[in-house]
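Biologist: I am new to this structure, and I would like to go through it slowly, asking at each step what a term rests on.

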Amino acid sequence: MDGNGRWAQARRLPRVAGHRAGAGAVRRCIQAAIGSGVEWLTLYAFSSENWRRPVQEVGELTGLLRHYLRHELAELHREGVCLRVIGERERFDAEMRAEFERAERLTAGNTRLKLMIALSYGGRSDILRASLRLAEAVRVGAVDPERLDEAGFARFLSTDGIPDPDLMVRTSGEFRLSNFLLWQSAYAELVFLDVLWPDFGATHFADALDRYARRDRRFGARPG
Ligand code: IPE
Ligand code: MG
């Protein structure tokens, strides 16, 4: 989800206005996912690197996030959304971590849409942490490194139990993954949309699905 700052700048508004408008796009995106039968959706809301932004903006972003979790949770639950946070959650304060846990606990049994929110998420950090946890599992004898395969490694990632993404969409016209789901996106179809995130809506979602549907996925196998 990229382009909140540019959306605000184009309107001569403070960046926080763009982030606020971005929350509306989150709602539209979730509705579009539910409406089109998508079962798994991950939103990259805050990266490990986003902590480097000015403290004021970090405060605004986490404040909006807290507000969103508090005020939208009941509605998400009613819609049948199962929420899960992936990322370095210990970098958030105790109050915020409690919000994550509350949201996950309340919606744990829902099955209509599995919604992952990537918060303080970084693909390299995810892989590094997985490696450290794997090393510990090997040390205590819980894992035999001789028998470890890719699926076995993936169980140590923060996305354990979540299927690899089929489609990855980036908004705002940038052509980068920006450290998102690096391991998991090995065979994801990439779609780059020239729309700023606050303007994202049902038609953009449909456009991304449409482009995906026209791709020929071979996973490295021989064509034909
Ligand atoms: C995305 O919009 C929001 C977050 C990264 C949290 P940006 O804030 O990156 O907006 P631009 O890239 O400056 O337009
Ligand atoms: Mg950006």
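**Values and the terms behind them**

Biologist: Why is serine 125 called buried?

Modeller: Serine 125 has a relative accessible area of 18%, and buried means under 20%, whereas exposed means over 50% and partly exposed lies in between, with a 1.4 Å probe and protein chains only; serine 125 therefore counts as buried. This is a predicted model, in which local features need pLDDT of at least 70 and side-chain atom pairs count only at pLDDT 80 or more, while totals for chains, interfaces and linings use all residues. Residues are numbered from 1 along each chain as its sequence is written, chains are lettered from A and ligands numbered from 1 in the order in which they are written, and side-chain values use heavy atoms, with hydrogens and water left out.

Biologist: Where is serine 125 placed, and what is it in contact with, leaving aside its neighbours within four places in sequence?

Modeller: Serine 125 belongs to helix α5, residues 123–139, where helices (H or I, at least four residues) and strands (E, at least two) are DSSP runs numbered from the N terminus. Contact means heavy atoms within 4.5 Å, and on that basis serine 125 is in contact with Ser48 and Glu88, once its neighbours within four places in sequence are left aside.

Biologist: What makes lysine 114 partly exposed?

Modeller: The relative accessible area of lysine 114 is 22%, so this residue is partly exposed. Lysine 114 sits in strand β3, and apart from neighbours within four places in sequence it is in contact with Glu39, Trp40, Leu41 and Cys82. From lysine 114 to alanine 8 there are 106 residues in sequence and 30 Å in space, C-alpha to C-alpha.

Biologist: How do you know whether glutamate 150 is buried or exposed?

Modeller: With a relative accessible area of 62%, glutamate 150 is therefore exposed. Glutamate 150 is in helix α6, which covers residues 150–154, and its C-alpha atom is separated by 14 Å from that of leucine 182, which is 32 residues apart along the chain.

Biologist: What is the phi of serine 120, and why does this residue count as buried?

Modeller: Serine 120 has a positive phi of about 50°, although it is not a glycine, and it is found in strand β3. Its relative accessibility is 0%, so serine 120 counts as buried. Leucine 181 also has a positive phi, of about 40°, although it is not a glycine; leucine 181 lies in the loop between β4 (167–170) and β5 (189–192), and because its relative accessibility is 5%, it counts as buried.

Biologist: What makes a set of residues a nonpolar core, and which residues have the most contacts inside the largest one?

Modeller: A nonpolar core is a set of buried Ala, Val, Leu, Ile, Met, Phe, Trp, Tyr and Cys residues joined through side-chain atoms within 4.5 Å. The largest such core has 37 residues, and Ile30 and Leu115 have the most contacts inside it. Among the elements that each supply at least two residues of this core are α2 (15–35), β1 (40–47), β3 (113–121) and α7 (202–213), and the largest share, eight residues, comes from α2. Isoleucine 30 touches Leu41, Tyr68, Leu76, Val81, Leu113 and Leu115, not counting residues up to four places away in sequence. There is also a second, separate core of ten residues, which includes Tyr44, Met116, Tyr121 and Met168.

Biologist: How many helices and strands does the protein have, and why is it called as compact as a globular protein of its length?

Modeller: The protein has seven helices and five strands, which run from the N terminus as α-α-β-α-β-α-β-α-α-β-β-α. Its radius of gyration is 18 Å, close to the 17 Å that the globule rule gives for 224 residues, so the protein is as compact as a globular protein of that length. The radius is taken over C-alpha atoms, and the rule is 2.2 Å times the number of residues to the power 0.38. Of the 224 residues, 44% count as buried.
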